[in-house]
Amino acid sequence: MLERTAVPARGLRARITILATVLVAIVSALLLWLAWTLVGDAVAAVPQLPPGTIVEVDGVHVKAADLADHLRSQARGRVVIAGGIAFCFVVAAAGILAWTFTSRVLQPLRDITDTAERLSGESMGERIGEVSTRDELAQLARTIDAMLDRLQSAFDAQRHFVANASHELRTPLSVIRTELEVTLSDEDADEAELRRMAEVVRDATERAERLVSSLLLLARTDGAGLVLTERVDVSEVVQRAWSAVEAEAAGRDLRADLRLTPAATKGDAALLERVAGNLLENAVRHNIDGGWIEVTTSAGERWTALTVRSSGPLLDPATVTELFEPFRRAGVARTARSGAGLGLSIVRAAAEAHRGTVHAEPVVGGGLSVTVRVPATA
């Protein structure tokens, strides 16, 4: 859940208003001082009468020099009074205008802040939406909305993944508990019954172990970089992976056509072998008895490709991409015992960790074709 952070609602608005008011006050004070200086200089520049000249002003005889000083003081005094009044009005008007316009300018930022404060794990659906401005704040709002869309998708996927993982783990645990309770409640259970119970518990335990191992591998590869990189020949990796499922394929009378040519890449050899192993295991286990499997490796200038095609049940092309989601299986029920439904999820995560891609499409007549491309290397 996102934590709510207390942010002063008017802090930025008050600081901008104070800053604008102070700047206007400084400029106004400079202009007032400049006017005071210019008025004094202008009065002083008036042609002076000869020193000692006496002039009559309102019946009073004064020296011309004293009269000039008095006029200069009077002019400067009036400038100070009028300028001081104007200064107060200008500064006050600047403060009021700055407060008003800042409120309007910062309204989108307050909307963004309010939306961010309301967000939590349960209210990720809220968005800022369109703002009234078309400046950097509008761009910020769009960026945050896009980020929230990605976060909501990630949270939804996480909830879905955890729910499916819990369901998958609950199934073998339920089987184990049921078998133990039924057998222990039977006081006449003989050795054969105990052996049967032990075999069921062993199978359920192995299934849970495979699921946990797959979850750990998926967590290690999904969104993570490669820890170990080396030159890997994909054809050799495929050959080793095929050796692990060859007996199972023969038991189902599957025809295998391996067209393996040297195809080098740089990456994690163990992870690439797991990719090939998952594709081949899916091709064998989700096939039909007496079906076929085609495995091809190829190398180009930019990409090294591995393609696994196999017969199998009919698939809807619109739902093929869903097979790469965790706990999805091709053509079988979600609770089937043939796997955890994480094989193709691991394939996609491993391909992306190698800066590669994976693509799947249904085969005409039934089956699936999966192609993994990773960067080629000499």
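Trainee: Where is V27 found?

Mentor: V27 sits in helix α1. Helices here are DSSP runs of H or I with at least four residues, strands are runs of E with at least two, and both are numbered from the N terminus.

Trainee: Before we go on, what kind of model is this?

Mentor: It is a predicted model, in which local features need pLDDT of at least 70 and side-chain atom pairs count only at pLDDT 80 or more, while totals for chains, interfaces and linings use all residues. Residues are numbered from 1 along each chain as its sequence is written, and side-chain values use heavy atoms, with hydrogens and water left out.

Trainee: Which helix gives the largest share of it?

Mentor: Helix α1, residues 11-44, with six residues of the patch.

Trainee: Switching to charge. Which residues gather in the negative patch?

Mentor: D186, E187, D188 and D190 do, on the surface. Asp and Glu count as negative, Lys and Arg as positive, and His and the chain ends are not counted. A charge is placed at CG of Asp, CD of Glu, NZ of Lys or CZ of Arg. D186 lies in the loop between α3 (136-185) and α4 (191-221), and its relative accessibility is 37%, so it counts as partly exposed.

Trainee: And how many salt bridges are there in the whole structure?

Mentor: A search of it finds 11. The criterion is a side-chain nitrogen of Lys or Arg within 4 Å of a carboxyl oxygen of Asp or Glu.

Trainee: What does E179 pair with?

Mentor: R196, at 2.9 Å from N to O. That pair links distant parts of the chain, with E179 in helix α3 and R196 in helix α4, 17 residues apart. E179 is buried at 16%, whereas R196 is partly exposed at 34%.

Trainee: What about R195, which partner does it have?

Mentor: E191, with the closest N and O atoms 3.2 Å apart. Both lie in helix α4, four residues apart, or about one turn of the helix. R195 is exposed at 54% relative accessible area, and E191 is exposed at 54% too.

Trainee: Where do the strands come in? Say, which residue does E294 meet?

Mentor: E294 and R309 form a salt bridge, 3.1 Å from N to O. E294 is in strand β6 (residues 292-299) and R309 in strand β7 (residues 303-310), 15 residues apart. E294 counts as partly exposed at 26%, and R309 does at 27%.

Trainee: Which residues are linked in a network?

Mentor: E248, R274, E281 and R285, through salt bridges. E281 is also among the buried residues of α6.

Trainee: How covered is α6, then?

Mentor: Mostly: 12 of its 17 residues are buried, including L271, L272, V275 and L279.

Trainee: What span should that helix have?

Mentor: The expected span is 1.5 Å times one less than the number of residues. For α6 (residues 269-285) that gives 24 Å, and the end C-alpha atoms are 24 Å apart, so the two agree.

Trainee: Last topic, backbone angles. What is phi of D253?

Mentor: Near 60°, a positive value in a residue other than glycine. D253 is in the loop between α5 (234-251) and β4 (255-260), and at 55% it counts as exposed. Phi of R355 is near 60° as well; R355 lies in the loop between α7 (343-353) and β8 (357-362) and is exposed at 65%.

Notes: Patch = residues over 30% accessible without salt bridge, like charges linked within 9 Å, V, L, I, M, F, W, Y side chains within 5 Å. Areas by Shrake-Rupley, 256 points an atom, 1.4 Å probe, with all protein chains shown as cover. Buried < 20%, exposed > 50% of the residue type's maximum accessible area, 1.4 Å probe, protein only.
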